[in-house]
Amino acid sequence: MGEIINYWTFIYGPLAIFLVGVYGLLTQKNLFKLVISINIMDLGVNLYIIALGYMDNASAPIYTAKLAVTSSRFVDPVPQALVLTSIVISVAVTAFVLALVIKNYEKYNTLDLIKIKGIEND
Amino acid sequence: MTISYLIITAGIMSAIIYLVSKFNWKAGTILQTLTFLIIGYFLYHNGDYSSSQLAIFNNISLNFTYSYFNEIFLYLGISVMIIVSLFSIDGIKNYQYKPVYNFLTTLIFMSILGVFGAADFITLFIFWELMTWVSFFLISMGKKYSKKAALLFLFMSMIAAYLMITGIFLIDNAVGGITFSNLINNYGSISYSLKFKILMLFVLAGLIKGGVYPLHIWMRTSYSESPDSFTSILSGILMKFGFYLIYLIGLFFPVAFILKNNPSKLISELPSSTFFAYLAGISIIIGTIAAILQNDAKKLIAFSSVSHAGYILLAFTYGTSMAFAGGVTHILVHALTALGMFLSIGAVYFRTGTTKIDELGGLIKNMPLTFTTYLVSIISLAGIPPLFGFVSKWMIYQSLIINGSYFLAFAAFFGSIGSFMYVFRPLAGVFLGQRPKKFENVKEVPFFMKAGMLIVTILTVLFGVLPGLVLKPIISMQQSIGIEPIKASLYRLFSGLTTLDMLVVFTVFGAGFILALIIFLLFAKPTRVKQHEQYTAGEIVPELQTQPSIYHYAKNYYKPFSRIFDKFPSMEKLYKKGAEYLSSSFGVIEEFFYEESINGYIWLISITFLVIIAIRWF
Amino acid sequence: MINEPVLLIVIPLFAGFLIPIIYLISKKAIKYIPIIAVFYNLFVLIRLIQINSTSLSYFTTGGYKVPFGINLIFNSQIGIILFAINLLALIALIFFLKKEFHLVNSFAYTLGFIIAISAVNGMVLTGDLFNLFVFMELAAIAGYIIATHKRGYYPSFLYVIISTFGSLLFLLGTITIYNVSGTLNMASVSENLVDVSPHFIVVLSVMFIVALSSESELLPLNAWVPKVYEKTSITGSIFFGSVLSTAALFAVIKVLVLVFKGGYEYLFNSLTIIGLATLLIGEFVAFKQRNVRKIVAYSSIAQAGLIISAVSVSLKNGTITDSIFNAAMFQLLNNIFAKGLILLGVGLLGYYSFEKLKGIAGKKKFASILITIGVLSIIGMPPFAGFWSKFFLIKSLIANKMIIFVAIFLASAIFEVYYYLRFIQNMYYEEFDSKIKINQISAVSYFLMISLSFMIIYIGFNPSSVMKTISDIFTGGII
């Protein structure tokens, strides 16, 4: 575990990306930009997952005859499995949200959050 | 028949009564009256004290008892319900939802049996809650502003109920059970501070329900807006639930305990008693003043209830044997007189469609029995001998005189004198004086309404002459819990100071009345004048044709008196302002938490996140 | 094979895959697939409840032993709660197919509902943190779709943003937990968390609090709730109100019990405060509303706050205080029926604003009476189910000397009683506006409502035995 924590860049870099996404959510008023912010956060989380599974001098967690002979170290396979699922989910959500943004535009003729909210409340 | 069976019967009958009322409301109401009568008969016929359980709930069984302490309340509840139901056979003719009304009042009957028949606090609470929501629907059925009144009633009742349930579970924790007997046996093991908390919770709940100032705010609107026959139940019984609670807690809690162990040290253990006694005094004064200022007969009686709630509380907080008995008697007195007053005002409303005093007048000729009922009731309410009200007030005064507190004595006498002022006003404005033209052909109410009122009148007079009928069960109650009982025979009452013989009082007053009547018939030579002649002296006043009520002589009846209290701060207005403020602040909360833009929400989330971490981190 | 809880997830999922294929053959036939799937689910559940005891048992998949691989947790108590959830889902589905199937794109919404049911079952059953994340996302995606059922595109967008924010935090937390504990199995995580620095645990647990509060309708992330409830279809509102929120609450409780049970006092204290704040603010705001859907939405928020804070209070001492916990679960169960009944009934009447519901009881007596039963239950009036859950909750809280908690709870309950009965009063005693068109209510709809109110009355007259069937969910022992 201590070994992993040494890779500060891998840990804090993705978190910084995540915070960039949060900043987008905090400040942007355009629906598309909000979706992009969510995507940036997704990216950050996914990188973070991968980073946590990484080890130095380790090979891919695929068990082959050659591997059994040369190396005893795998990178952790679980985060890699998780990140696949997570990416799939984020793609699905993004696809859906983009459709939703189009629908919103059709309904309100604007992508501005404040304007939509104003129309909603009337 | 134990109480549990009677309650099940009432529950089943409520459905049957509803169905019958759907086809014919009159038959349904008659069935209701018969049901109440039969249930009352079975309770009486059984005679012996008994306990029973209703165990359709697994693990939770509802315990009921028919015993020395609740006997008198059970009969009070049943007889009030019988009278009101009898009255309703004709009285609910104009109501919009008759079958539902009958159904709900039967449920009220069931909850009355449950509350008064309960042998543990949970059972009491369950039926109390049942009563709350059923009453809510009943009050909502009333007049124009009844919906708001019902909501206010509900709000206050829920506060009372929740205070009570907190107290109940505190008891449960302290003594490991919520039956009354358990509480009596383990009372000593409760710590002083807990005792104080429990007492406060129960008494506050009781005060809200009983309508003691400053918690009376629901009473004015609920009384004036609810359907007339339900107002009688509300003031006759449901309001008394609050005092029943105080009575119970007084019986099982401090008073019984203190009296048992240290008869001389009557009220000193709990300092709150003094506080509540003063609260009672304030309630008497303010209720009286407010009642004098009302123009609506029903609102007037509502405020008189505030004042009389003060009397009952005063009696209970005094804690002597005599005062305790006086308090219980006053509950009965007020139930009976409020019933009589509301029924007679309800009868007036039934025929005229208004309860505003300055729109009525001179109905004594049209409705003599209604007038008599009202007269007897107010005499009793004001505590004028020789009627029932005098007995209880006498008992309360005796304890006041013996134990001596100037403020309380002043309050009690002020209330008495004030009550002459307010009860006289509807009498003069509604029944005496000049009759408006449109009411000239008003008839006396139909038979069953008359019957209901007649019973109330007879009971008020009967208990006045023979108070021993009522005092006997109170005495046996006092004996059972080990308090030194009051001394009374069928028509005699003994206090430390003096003896009261109601038969003599009645004879003297009866003789006086007959004498006055003879003088009146022989010597009085009334001249008939038209209603407004006395004001206009023959002048033609244009407003007289358009708005005759402003020249009604009951208008601004106590103007000089009410001018004194013009600037008096109103508790109701204070509450109203508070409620408005609260409501607008809820709007602000909604704006802040639920009407942001998406960015706003994310800010909210981030800040919450950081705050929770920061608090822990530093 | 029938004794596997995984069927509850797989069958609806399979039905979901079947729908596109059937749709190619016959457009009407897809109606029957979800019904069959949920009926089959209920049948499986009855079997499972009979077979399983009250102790927790793990059902593994793929032959991996417990700390590894994906596993499901099941016992008869979870079965009962799941049964109630599926029953409500069935009711919502029947209603959907009968009334709202033809509304808009029937194919997409049928698919959405059946996937949602699968995901909801997964959320309740799974014993694995990442699995929970997947099911929550699946349920959320289905939820986004359902939220748009009546062209509520903006609320749905709001829901997406807030919920995604929450689930990303959840994912961050999950993966961090995996990193420090080396496992994703909820029960094993708690054992491995013991020697982690307390500061780290705080960040982690706060992450979970914030993350889980979006689906479970807790305060910082519940802004989507009223908007979505208001704009979605009747089916959608029942789905959100009774099915999804219950499952999410249960999932949150499961995470709290299994992962954080080891006495993280600060976590539970802050959750209690957040829950109580949610309760109070929910009731206050509901008090201002004059639209039944919004009232139910805010009250549902408030109930979620109540249940979460009660659960966290019960977990505070490191062990589960059974009496409070059981009462909270009982409250959860009762809310399913009561909220479902109100939302269904009001949906059948067809109007939500107080203005339009005025005096409608005069025209639709029976439906109004059934709604009244639901309302009386939710505000805790005897002799209905809600009375007893409130009763046990107060009793247990006072027994554990949580007087301030009780005071806040009861103060908010007063407001709840007030605004719910104001709605009922409005239905009964106002003048009916004759311009308003009255909707016909079919026999099937009545049957659905009657069965719900029957449940409420049954629980009301038989509280202890029903409560016994769901008590000690996590403390009844482990096989």
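## Annotated spans of chain A

Residues 81-102 of chain A are 100% helix and 0% strand, with end C-alpha atoms 32 Å apart; helices (H or I, at least four residues) and strands (E, at least two) are DSSP runs, numbered from the N terminus. For residues 34-55 of chain A, the end C-alpha atoms lie 34 Å apart, and the span is 91% helix and 0% strand. Both spans carry the annotation "transmembrane region" in an unreviewed UniProt entry, which also places it on residues 6-27 of chain A. UniProt positions are given in the numbering used here, feature names are shortened, and annotations may be inferred rather than shown by experiment.

## Basis and confidence of the model

This is a predicted model, in which local features need pLDDT of at least 70, side-chain atom pairs count only at pLDDT 80 or more, and totals for chains, interfaces and linings use all residues. Residues are numbered from 1 along each chain as its sequence is written, while chains are lettered from A and ligands numbered from 1 in the order in which they are written.

The predictor assigns the complex an ipTM of 0.90 and a pTM of 0.89. The mean pLDDT of chain C is 86, and 98% of its residues score at least 70; pLDDT is the predictor's confidence in each residue, from 0 to 100. Among the elements of chain C, the mean is lowest for helix 8 (77) and highest for helix 15, residues 365-378 (91).

## Overall form of chain C

Chain C contains 19 helices and 2 strands. Its radius of gyration is 21 Å, close to the 23 Å that the globule rule gives for 479 residues, so chain C is as compact as a globular protein of that length. The radius is taken over C-alpha atoms, and the globule rule is 2.2 Å times the number of residues to the power 0.38. Along its principal axes, the C-alpha trace of chain C spans about 70 × 60 × 40 Å.

## Two domains of chain C

Chain C is divided into domain 1 (1-260) and domain 2 (263-479), with bounds from an automatic or database domain assignment. Their C-alpha centres lie 21 Å apart. Contacts between them involve 42 residues of domain 1 and 48 residues of domain 2, two residues being in contact if their C-beta atoms, placed from the backbone, lie within 7 Å.

On the domain 1 side, the elements giving two or more residues are helix 3 (76-100), helix 8, helix 9 (224-231) and helix 10 (234-260) of chain C. Helix 10 gives the most, with 13 residues. By class, this side has 26 nonpolar, 13 polar and 3 charged residues. Here Ala, Val, Leu, Ile, Met, Phe, Trp, Tyr, Cys and Pro count as nonpolar, Asp, Glu, Lys and Arg as charged, and the others, Gly among them, as polar.

Where chain C meets chain B, 43 residues of chain C are in contact with 44 residues of chain B. Helix 17 (403-429) is one of the elements that give two or more residues to the chain C side, and helix 17 gives the most, with 11 residues. This side has 34 nonpolar, 6 polar and 3 charged residues.

The contact between chain C and chain A takes 20 residues from chain C and 26 residues from chain A. On the chain C side, helix 5 (129-147) and helix 6 are the elements that give two or more residues. The largest share, 14 residues, comes from helix 6 of chain C.
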